Amino acid sequence: MSKKMPETPLLDQLESGPWPSFVTGLKRLATDEGKPYADYMKSLLGQLELSYETRKGYWKGGTVGVFGYGAGVIPRFSEVADKHPESSEFHTLRIMPAPGFFYDTKTLRDLCDIWAEHGSGLIALHGQSGDIMMQGCRTEQVQQAWDKINAMGFDMGGAGAGVRTAASCIGPARCEQACFDTLKAHRTVINDFTDDIHRPSLPYKMKFKFSGCANDCANATQRADVAVIGTWRDDMQVNQDEVKAKVAQLGRKEFINQVIRMCPSQALALNDDDSLDIDNKSCVRCMHCINVCTKALKPGKDRGIAILVGGKRTLKIGDLMGSVLVPFMKMDSDEDYERLLELAHNMLDFFAENALEHERTGEMIERIGVVNYLEGIGLELDVNMIAQPRTNSYVRTDGWDEEARKWNDRKTNAAE
């Protein structure tokens, strides 16, 4: 006999707002009668309702894995298994996606069929880690599910204190704003770090993400220890006829409001003839004007990447955005991608040797200083290394002793 649907008055409230609710999805799986996961999800809803009543979580960790891997399965055991026995185990498999998150419909259907047979039917595309999150599986089903997913050509994603699953935007495959091949860079770097993903051996986690432009669709700047962002270093490309057409479409006042006044560095001006004047030296490549005027404006032709290091969410010293440590690097040849890979290895090796336990790269740099970090990974100091646009937080130290002597002389002369 099928398990009775639990009463969930608190969860029901989460369906009352204007936005889609995860509760609706859980209920749909729970009412899919005849499926092996239906009672599983009913029990999960009952435990979740209990958590909302008591404001406590009832999941604890443990050890669950698959043969040959030291990471990738997130164990979850229920502390209220006596009340909700069907969901007493709710493990998650992190599956590494292809660069750019490309799938065909057959692949997605096959993944759904595997998880309907061996898991809860609940899949998240994609978790904050960038993985395909196959959520909800009992211990005895984990290896069976993984064997079938692996046979499809997928690999296990990262977890624990190691290199985590990378993410990349769709890049040049479909986006005309991409300034480098995000998919190639993603594959080049991560394929070389497979062992560091599968067998965690670092002080804490390390993430690489790749975005083709400053729109940062991979959310790299905020969430990646190493964010590779597409950029350009020549003048933005302008089609003045299309600019005038956009002004005519929006109206002069609205164009000024949406484009000119929204420029963070005031690098834009609208001329009397409705053509656009750009102070390219002041442009910080934020992409806003290009997003509004896609036909009229394009990134420059001299394209490459900037590398930002240290982005993360709250841990020891609060949220950090990535700091620009490589202002520009060309990405035209295979040798350029090999150079990126070499730099990534230097960053990983330095982190492994110098970070404290449970410390991210950004926190390590805050502790030891950016000069020591740059020396450790083999980068020269550059005045364009910045923590945020138009703000230079780092000081060049060449000629320091001579400048200090001059300062002391000035103070001495003033005292006399």
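Predicted model: local features only at pLDDT ≥ 70, side-chain atom pairs only at ≥ 80, totals over all residues.
Residues are numbered from 1 along each chain as its sequence is written, and side-chain values rest on heavy atoms, with hydrogens and water left out.

Along the principal axes, the C-alpha atoms fill a box of roughly 90 × 60 × 45 Å. Of the 416 residues, 45% count as buried, where buried denotes a relative accessible area under 20%, exposed one over 50%, and partly exposed a value in between (1.4 Å probe, protein chains only). A contact requires heavy atoms within 4.5 Å. Among contacts between residues at least 6 apart in sequence, 63% join residues at least 24 apart. The accessible surface amounts to about 21,400 Å², and 49% of this surface belongs to carbon and sulfur atoms; such areas come from the Shrake-Rupley method with a 1.4 Å probe, and for residues only the protein chains shown count as cover. The chain carries 50 positive and 60 negative charges, whose mean positions are 5 Å apart. In this count Lys and Arg are positive and Asp and Glu negative, while His and the chain ends are not counted; each charge is placed at NZ of Lys, CZ of Arg, CG of Asp or CD of Glu.

Helix α2 (residues 22–30) has Val-23, Leu-26, Lys-27, Leu-29 and Ala-30 as buried residues. Seen down the axis of α2, these residues fall within an arc of 160°, so they line one face of the helix; the arc is that of the directions from the helix axis to the C-beta atoms. Their cover includes α1 (9–13), α3 (38–54) and β5 (119–125). In helix α13 (residues 361–368), the buried residues are Thr-361, Gly-362, Glu-363, Met-364 and Ile-365. Elements covering them include β15 (303–309), α12 (334–354) and α14 (370–377). Gly-369, with a positive phi near 95°, follows α13.

A disulfide is a covalent bond between the sulfur atoms of two cysteines. With the criterion of a pair of cysteine sulfur atoms within 2.5 Å, the count of disulfides is zero. For Cys-169, the nearest cysteine sulfur is that of Cys-217, 5.9 Å away; Cys-169 is buried, at 13% relative accessibility. For Cys-283, the nearest cysteine sulfur belongs to Cys-289 and lies 6.3 Å away. Cys-283 is likewise buried, its relative accessibility being 16%.

Most residues other than glycine have a negative phi, and most peptide bonds are trans. The peptide bond from Leu-125 to His-126, however, is cis, with omega near 0°, and His-126 lies in the loop between β5 and β6 (132–137). Asp-216 has a positive phi, near 55°. This residue is located in the loop between β9 (208–211) and α8 (220–223), and its relative accessibility of 11% places Asp-216 among the buried residues. Asp-274 also has a positive phi, of about 70°, and lies in the loop between β12 (268–270) and β13 (276–278). With a relative accessible area of 22%, Asp-274 is partly exposed.

Technical notes: Helix = DSSP H or I, 4+ residues; strand = E, 2+ residues; numbered from the N terminus.
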